[in-house]
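Please find below some notes for a colleague who is opening this structure for the first time. They are set out as numbered points.

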Number of protein chains: 6
Amino acid sequence: MHLMQFRSLVAAALAEDLSWGDITSDSIFTDEMGRAFITAKKAGVACGLPVAAEVFSQVDPCLDFTASFRDGQEIKPGDCLAELAGPLASILKGERTALNFLQRLSGIATAARAAVVAVAGTGAQIVDTRKTTPGFRLLEKYAVRVGGAKNHRFHLGDMALIKDNHIRGAGSIGAAVSRVRARAGFPLKIEVEAATLEDVRESLKAGVEVIMLDNMEVGLMAEAVRLVDGRALVEASGGITRENLQEVAATGVDLISLGYLTHSSPALDMTLNLVDP
Amino acid sequence: MHLMQFRSLVAAALAEDLSWGDITSDSIFTDEMGRAFITAKKAGVACGLPVAAEVFSQVDPCLDFTASFRDGQEIKPGDCLAELAGPLASILKGERTALNFLQRLSGIATAARAAVVAVAGTGAQIVDTRKTTPGFRLLEKYAVRVGGAKNHRFHLGDMALIKDNHIRGAGSIGAAVSRVRARAGFPLKIEVEAATLEDVRESLKAGVEVIMLDNMEVGLMAEAVRLVDGRALVEASGGITRENLQEVAATGVDLISLGYLTHSSPALDMTLNLVDP
Amino acid sequence: MHLMQFRSLVAAALAEDLSWGDITSDSIFTDEMGRAFITAKKAGVACGLPVAAEVFSQVDPCLDFTASFRDGQEIKPGDCLAELAGPLASILKGERTALNFLQRLSGIATAARAAVVAVAGTGAQIVDTRKTTPGFRLLEKYAVRVGGAKNHRFHLGDMALIKDNHIRGAGSIGAAVSRVRARAGFPLKIEVEAATLEDVRESLKAGVEVIMLDNMEVGLMAEAVRLVDGRALVEASGGITRENLQEVAATGVDLISLGYLTHSSPALDMTLNLVDP
Amino acid sequence: MHLMQFRSLVAAALAEDLSWGDITSDSIFTDEMGRAFITAKKAGVACGLPVAAEVFSQVDPCLDFTASFRDGQEIKPGDCLAELAGPLASILKGERTALNFLQRLSGIATAARAAVVAVAGTGAQIVDTRKTTPGFRLLEKYAVRVGGAKNHRFHLGDMALIKDNHIRGAGSIGAAVSRVRARAGFPLKIEVEAATLEDVRESLKAGVEVIMLDNMEVGLMAEAVRLVDGRALVEASGGITRENLQEVAATGVDLISLGYLTHSSPALDMTLNLVDP
Amino acid sequence: MHLMQFRSLVAAALAEDLSWGDITSDSIFTDEMGRAFITAKKAGVACGLPVAAEVFSQVDPCLDFTASFRDGQEIKPGDCLAELAGPLASILKGERTALNFLQRLSGIATAARAAVVAVAGTGAQIVDTRKTTPGFRLLEKYAVRVGGAKNHRFHLGDMALIKDNHIRGAGSIGAAVSRVRARAGFPLKIEVEAATLEDVRESLKAGVEVIMLDNMEVGLMAEAVRLVDGRALVEASGGITRENLQEVAATGVDLISLGYLTHSSPALDMTLNLVDP
Amino acid sequence: MHLMQFRSLVAAALAEDLSWGDITSDSIFTDEMGRAFITAKKAGVACGLPVAAEVFSQVDPCLDFTASFRDGQEIKPGDCLAELAGPLASILKGERTALNFLQRLSGIATAARAAVVAVAGTGAQIVDTRKTTPGFRLLEKYAVRVGGAKNHRFHLGDMALIKDNHIRGAGSIGAAVSRVRARAGFPLKIEVEAATLEDVRESLKAGVEVIMLDNMEVGLMAEAVRLVDGRALVEASGGITRENLQEVAATGVDLISLGYLTHSSPALDMTLNLVDP
């Protein structure tokens, strides 16, 4: 992630919390300096440290933020993720916003890592979806990568994904693919959502790059994979949970997309503590 | 919620998804009209319908969005939350963004409602925290209210909350309260975080409006409540889960703050389906 | 005031003055360096020096701005408020914008200080109102504090102020207060606007934190104060001028709100002069 | 004024007041409709009615705002400036912001009108300065025009104004004018600040379009006017008050610039009252 | 193009031209109504009519804009592209901005169409580049499509394009492709810039989707095309002009990218004329 | 140009190209450092180097950008315009955006210089128009100045230009000028568009500062110049090309405005090359 990609999100978050000042800290502290640690309270995958650094840097350029972990490393309860040094009031002003970023992103990275581990050894790759918190997609998809999974498309313009509504609109899979191909630039791949083996066959005939098996039974998935036989990427999608993940992977699909990574991962608990002088 | 409070968040969310166009829908549809339903797949509390309406209105002012539920009403699987009529391409362009708002907000409202129900009959009120998704606080706190819980402070400027770091900085609870009172306007209430009964006593002496019992054992909480005896509001905070909620409420505290409402509530599953013509 | 709270206002002000360049200075100067002083032409209270520093810093990071006074200190004609050193063209480009901030804010701080001094010895506290220049409220309320007065609420969301229109809408003071209490979070205080002693009595019964005596005669105010007898804060509001301020304070009210502080204070005259080399 | 020129300022002002909601009105009102009048409490010149209309329109497009006066018309205490009809909560949400605009702009227009009247019959034209509230210049200069006075330059790029600092930088008036002329486009007029008759002579020789007599005694001004003899516009500037305005005008200057119009005009008092049903 | 994609660009353009008002039109017109035509002065391809419509709609929602052509249609001198009806002042205020959009976009569409026509009958497709006017890319790439050509990637994130600098950085084409594949999501295609036939061979071996022949001689291009033999798309790039376009197309390449479409196309001349009443 | 005038345009341009990351460079490079040169491929006038510096500075504050030319200097093929040193990935991320600015601005400066040279020795000054790329006017007009030509008005508010539509609206040139003068501030000059000698006479009588000869034959222009005889500036406008420029200048007009400078100048070709280590 380039700083440019989250700087304004950090600014918006701080505006939300600080635009009317911090009446408590501003009343109590003047120039007192101090140090603080950000510590993990749960095990998981660290994510968002450069974002937290930016939070504190925007609050006060004089704050010194030193991360002890890099995004993607595993952490366990008690691990010190980062150390802060500088004006106490500034540390306290940035605390909540920094933790909000860190906990959410680490929660997603942790969930992604768990899914990746669960399918290790199969050829399946875990991918995310567009089911992200509005305004937060870039960071949430970054957390998915940090966890070791891959990104599906970022938005409605960087890949064509022909769903059943589009197919009905065009009349057939073939017709839909033709229309997209007539308009899209060559850099765009085309994926088709298939509900049946017949859909899979039509998609192959239309020459698409990716076929999404939408809410298929595991048995049917395996059959579809055999049918495709490497002529396109195969994505399993819909209703996949931590529980049936391995079973789905065992069907031989190339990609497994998981909405819960971004829409339902719990935050990873952390805390910020001042160090006694 | 006033439209003014979420209009630009909706715009940012749509920009994220649509600023490079929707290559699939734009290739396949021209002016085809259609209808669609947004349907619940899980039981819970509806929240975010005016936001979803705004999403579709920004995508296309010609779209007609009719909600069948109001925010705060309970929904069960299969309930139709809203109906859409208008250009098919516009419906599909707004689908994901609208659902992302609805699912997240309904997830929070559902969790809040469950907590409120859990403490019903006690005098305790469920409140939220500042542990919200950066940039999304206003909406997440709205969802908490829709669920029936109350909002704690919105930001660092609308209430003074003196935590242990502040107390140490000022030397004592009394000194900290004095400093805040010297600076704050009369509209601001003062809350102090108490770790011991001694802290509670000092806070009462300083005349604060609210006392937060931070991570106290349930037994100690009950003792603190008796000590305060109505002279201030008492808030239980820290480490409270769905499991121990009732036990905490039984201590007689006035307020129970729950971070998980906003940082770890899973999305409430919904779907948008086109209606066959 | 945190830099974050006025940085973009400064940017907007400079954009207004400089976005088409400074044809005069840019034609005449290239790299000439120089020094300048900002000097008071009238007596009053200095306010806005960190804002002026930010103005020059945005115009040119190479400019060196050194304040000789701190916000809140009294100044007299001829006092040098700050010294500038750096490129002459940059000094001249920032001059007007910096002075516009300084003069307006110092004008308000001066008026606030005068009011505070006028009621010294009574228990009354001077407070401001929401009658501020649109877009400038945060800074104007800061100037009020710098002058020694206190801030009333900042916006429509950080305190409930039930006015006669609300009372009529709800049917009675008691009903209005109940409705607000049912919705507002516990951090919010409730104030009621009272036109008669009967209103005061109802407000007390409803348990509000603050009672505003709206445009009452001084005699009636004193009676109201006696009636309240410490059970709520009492605010005098409406039609109070520099002339009758002391008389109002003598009634024993806790708070006196003055709209003129922010909507009609004249600017405090200052000037910027280059130092001869 | 084109709507485009103040729409975002109105949005910023409303954000300041309403971005955390209106807890009072939202608690008490649901859909109650009503009417209200905006009434003058002091005599003066109405200004800002289209801005007030935009305020209410942004708060709620369903509000109906009907002005009974046009900007520039004289009003007296009791005059109804505008009538509002629509949801009561919306009227109350926009009230303060609309009045803040109206009172400030009408205050400026009133002061401008008074100055224009004071010099009526002489050839002098009243003009404003750049001593405006940061961010508010466009509206404040509009109010000046509404009052009947004229605008001096809007920013540092739309006219060259060579002040003593520039003259010293260039070495002489002639040199300064040459440098500006070499760089500026032909649409820009050049004004020189003259402190002595010698400066005036040099300025004439350099062929400038306007000569500013800076803080000159009235007698010297008259002499300067005779010296210029119509070969350039002559502007009186600095230290001119309501008291000596006519005396200055009598010297025959073409322009009199008054900083106090925008930096020290008191607000013109107005009020908004709901109409009893 | 979705309105959402150019609305703010239109707003910025109008701000540039109109934020200080239109002193001429505002002085002369009050409410006079009129009609106007936008007429082509040169032959070409119309592009930007919805953008022009948005310009006038932002200037004045009362203006009625009726296009007589659709984007992509050919126009000849004298053709009336659109008719306007409404307040004369509003027509004149939007005139220049609307024409600036129309002329630039139509210029690009015209150049794109000419290139497409020039290679008609070959299998080559004309594509654009990222050599666009900063801030204007979305519209310029739209104009390219309107002209009948296709879009290459939109930005640095929607396709991987491995250039010689990247190859040297990674050590070899194979290594570079591996690194990208390890990080990129499956929706992204990979293109490699090849300077020699050996590069082409390596690229094929690495399994890339597109191979760019960078500044190759036409003879070498043809050889490369034969070598690739349909296993990847082949793009000709660099130094291609209107003159050698057909020769390049004849080599059998799939794509020809032309920077000049967006960085050097002359505007297509048009004019706006009021209709005599 | 002040940094403040193009900083946000640079940010917008980078957002367009980099807001979804640079998948290629980020995959291949980590911390490798390197150097690069920006080299001219065509002869012309350098323009935009401070803008390019800002591009790279926004991409990565650690990048070191050293220009070898100043804006306005002539360059020939092979000249190194600037040298870059720093992280390779950062150089590549900023490359395209920086070149897009440089090539466009240098293209305009080059065209302006050619026109200035073409009329050297005559008294005519080359000026630009408002026919600029929407959103890019400030920079394009800067490039015109860098080329040695002058700027016509920047927007609709900094000069009055009475065109035939305005004249018809007002009834006569005299009436139009009166209306503008009644409203405009004294800093604004007035220009009238004249189609005939009679128009020129009326304009002179109205005392305007500039007369635009609109699309006149060269012979008529010369006559108009004689008629004006120095009592106003005379501008030739409309249909002037590189070919007839000198002929127009020979008529004795003061100003020649050329739309093509900004709407049709081809980019000046440049390239960025990494230096082998």
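1. Basis. This is a predicted model, in which local features need pLDDT of at least 70 and side-chain atom pairs count only at pLDDT 80 or more, while totals for chains, interfaces and linings use all residues. Residues are numbered from 1 along each chain as its sequence is written, chains are lettered from A and ligands numbered from 1 in the order in which they are written, and side-chain values use heavy atoms, with hydrogens and water left out.

2. Chains C and D: extent. Between these chains, 56 residues of chain C are in contact with 56 residues of chain D (contact means heavy atoms within 4.5 Å). About 5100 Å² is buried between chain C and chain D, 56% of it on carbon and sulfur atoms; buried area is the accessible area (1.4 Å probe) that two parts lose on being put together, summed over both. On the chain C side, C:Glu16, C:Pro134 and C:Leu156 lose the most area to chain D, together 14% of what that side buries.

3. Chains C and D: make-up. There are 4 salt bridges between chain C and chain D (a side-chain nitrogen of Lys or Arg within 4 Å of a carboxyl oxygen of Asp or Glu). The count of residue pairs in polar contact, both at pLDDT 80 or more, is 31 for chain C and chain D. A polar contact is a pair of N or O atoms within 3.5 Å; within protein, one must be able to donate a hydrogen and the other to accept it, and residues adjacent in sequence count only if both atoms are side-chain atoms. Elements giving two or more residues to the side of chain C that touches chain D include α1 (7–18), α4 (88–118) and α7 (173–183) of chain C; helices (H or I, at least four residues) and strands (E, at least two) are DSSP runs, numbered from the N terminus. By class, that side of chain C has 25 nonpolar, 16 polar and 15 charged residues. Here Ala, Val, Leu, Ile, Met, Phe, Trp, Tyr, Cys and Pro count as nonpolar, Asp, Glu, Lys and Arg as charged, and the others, Gly among them, as polar.

4. Chains C and D: symmetry. The same surface serves both copies, as 100% of the contact residues of chain C recur in chain D. Copies are superposed by least squares on the C-alpha atoms of residues with pLDDT of at least 70 in both.

5. A salt bridge between chains. D:Arg130 forms a salt bridge with C:Asp17, the closest N and O atoms being 2.6 Å apart. D:Arg130 lies in the loop between β6 (125–127) and α5 (137–146) of chain D and C:Asp17 in helix α1 of chain C, so the pair joins two chains. Both D:Arg130 and C:Asp17 are buried (buried means under 20% relative accessible area, exposed over 50%, partly exposed in between; 1.4 Å probe, protein chains only). A salt bridge also joins C:Arg130 and D:Asp17, with the closest N and O atoms 2.6 Å apart.

6. Chains D and B. In this interface, 8 residues of chain D are in contact with 7 residues of chain B. The two chains bury about 640 Å² between them, 66% of it on carbon and sulfur atoms. D:Leu18, D:Ser19 and D:Trp20 supply 60% of the area that chain D buries against chain B, more than any other three residues. The interface of chain D and chain B has 0 salt bridges and 2 residue pairs in polar contact. On the side of chain D that touches chain B, α1 (7–18) and α3 (49–59) of chain D each supply at least two residues.

7. Chains D and B: symmetry. Chain D is superposed on chain B by a rotation of 120 degrees with 0.1 Å of shift along its axis (RMSD 0.0 Å), the relation of a three-fold axis. D:Ser8 comes closest to the rotation axis of the residues of chain D, at 7.6 Å (C-alpha).

8. Within chain A. A:Lys41 and A:Asp269 form a salt bridge, the closest N and O atoms being 3.8 Å apart. The pair links distant parts of the chain, 228 residues apart. A:Lys41 is partly exposed at 45% relative accessibility, and A:Asp269 is partly exposed at 26%.
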